[in-house]
Amino acid sequence: MITAIKNNSLLDFENELSLILNTYSDEIEKAKKIIMFIEDILKQLSDWLKNHAFETVQDEITFFKEVKPNIVAKLIFYKEVLLLIATQPIDKNKKVKHFEKKLDSINQFHRKNREFIKYIKSQSTQFDELYFTRKEYKDLILNDCIVINQDAKLCTSHDYLLAKVIAYELLALHVENRIDNLNKSCSIMNIQFNSNLHWTAKNVDLIELIYALHEAKVFDNGEADIKEITHVFEKAFQIELEDKVYGSFGDIKKRKTNQTRFLSHLQKVLETKIENDYK
């Protein structure tokens, strides 16, 4: 793979990335695995770049304009995604504001760097040698290599900035999709249920079921919180639970025997039904 990247080909890198994406379903675990994978790739590339001289200026431009930024962009993107997930609030309406705030910061970045973005989008090349070749001395005004790009042997004045442009385009789409999904979910939550069903078992039994479903991550790929799930059940079965949920779960945890008695009961009656249907 590294050999392919050195030869200005990202095919193997993208294939390996796709493999990781298809292997892990949990969003946090997926992001962590990808970050570790890319950081390892960049470490190997860094070791190579310290002693490498490109055969032509165009080869160097191609590497720092087309190859390295696309790798670093994925690292930036998945680190941003991981941070967004880790810092998102529980309340769904606050989640929307959380993602909208990130979208605002992305837009600010675009406004600040609009001339460079225009240069890239227009496929201009007149400043490529200035932007995408390594130099022993860099004009501090042009030096946008920060954090993971500080060694003059490893970066050019603008390859990290280009990586951020690519990453933030991906991130903007990601954030917009999250906002759309959250808004749709909020709309569904506001729809009045017309069900005539009433929950006639104990409230604590329903709370036990809600927690089990939450821990099984069966709603919104595990992103729905207890409060949201509870609200749906309240609407569906015309029952008030919200003030009792957390306290009742505390009572469930304190049970000395058979803490999941309602779930055990459900399993037992279903198994009995299956056995009887075979007779």
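Colleague: Is the crossing of α3 and α4 left-handed or right-handed?

Modeller: Happy to start there, and please keep in mind that this is a predicted model. Helix α3 covers residues 27–49 and helix α4 covers residues 57–87. Where these two helices cross, the crossing of α3 and α4 is left-handed.

Colleague: How is α3 oriented relative to α4, roughly parallel or roughly antiparallel?

Modeller: The two helices pack with their axes 9 Å apart, at an angle of about 150°. Angles over 145 degrees count as roughly antiparallel. Therefore α3 is, relative to α4, roughly antiparallel.

Colleague: Which element gives the largest share of the largest nonpolar core?

Modeller: That core has 54 residues, and I5, F13, I38, L45, F63, I71 and L171 are those with the most contacts inside it. Several elements give two or more residues to this core, among them α1 (2–6), α2 (11–23), α5 (92–112) and α8 (159–190). The largest share is 14 residues, and the element behind it is α4.

Colleague: Which residues is F13 in contact with, leaving aside its neighbours within four places in sequence?

Modeller: F13 is one of the residues with the most contacts inside the largest nonpolar core. I5, I38 and I71 are also among those residues. With sequence neighbours within four places left aside, the contacts of F13 are M1, I5, F37, I38, I71 and K74.

Colleague: How many residues does the second, separate core have?

Modeller: This other core includes L209, A236, I252 and F262. Its residue count is 16.

Colleague: How do α9 and α12 lie relative to each other?

Modeller: Helix α9 spans residues 203–215 and helix α12 spans residues 261–277, with axes 8 Å apart. Their packing angle is about 85°, and angles of 65 to 115 degrees count as roughly perpendicular. Therefore the arrangement of α9 and α12 is roughly perpendicular.

Colleague: Is E208 buried or exposed?

Modeller: E208 sits in helix α9 and is one of the residues making the contact with α12. Not counting residues up to four places away in sequence, E208 touches I252, R255, Q259, T260, R261, F262 and L263. Buried means under 20% relative accessible area. The value for E208 is 4%, so this residue is buried.

Definitions and conventions. Residues are numbered from 1 along each chain as its sequence is written. This is a predicted model: local features need pLDDT of at least 70, side-chain atom pairs count only at pLDDT 80 or more; totals for chains, interfaces and linings use all residues. Side-chain values use heavy atoms; hydrogens and water are left out. Axes are lines fitted to C-alpha atoms, for helices over the stretch in contact, and angles run from 0 to 180 degrees between N-to-C directions. Helices (H or I, at least four residues) and strands (E, at least two) are DSSP runs, numbered from the N terminus. Angles under 35 degrees count as roughly parallel, over 145 as roughly antiparallel, 65 to 115 as roughly perpendicular and the rest as oblique. A crossing is left-handed if the near helix is turned anticlockwise from the far one by less than a right angle, and right-handed if clockwise. A nonpolar core is a set of buried Ala, Val, Leu, Ile, Met, Phe, Trp, Tyr and Cys residues joined through side-chain atoms within 4.5 Å. Buried means under 20% relative accessible area, exposed over 50%, partly exposed in between (1.4 Å probe, protein chains only). Contact means heavy atoms within 4.5 Å.
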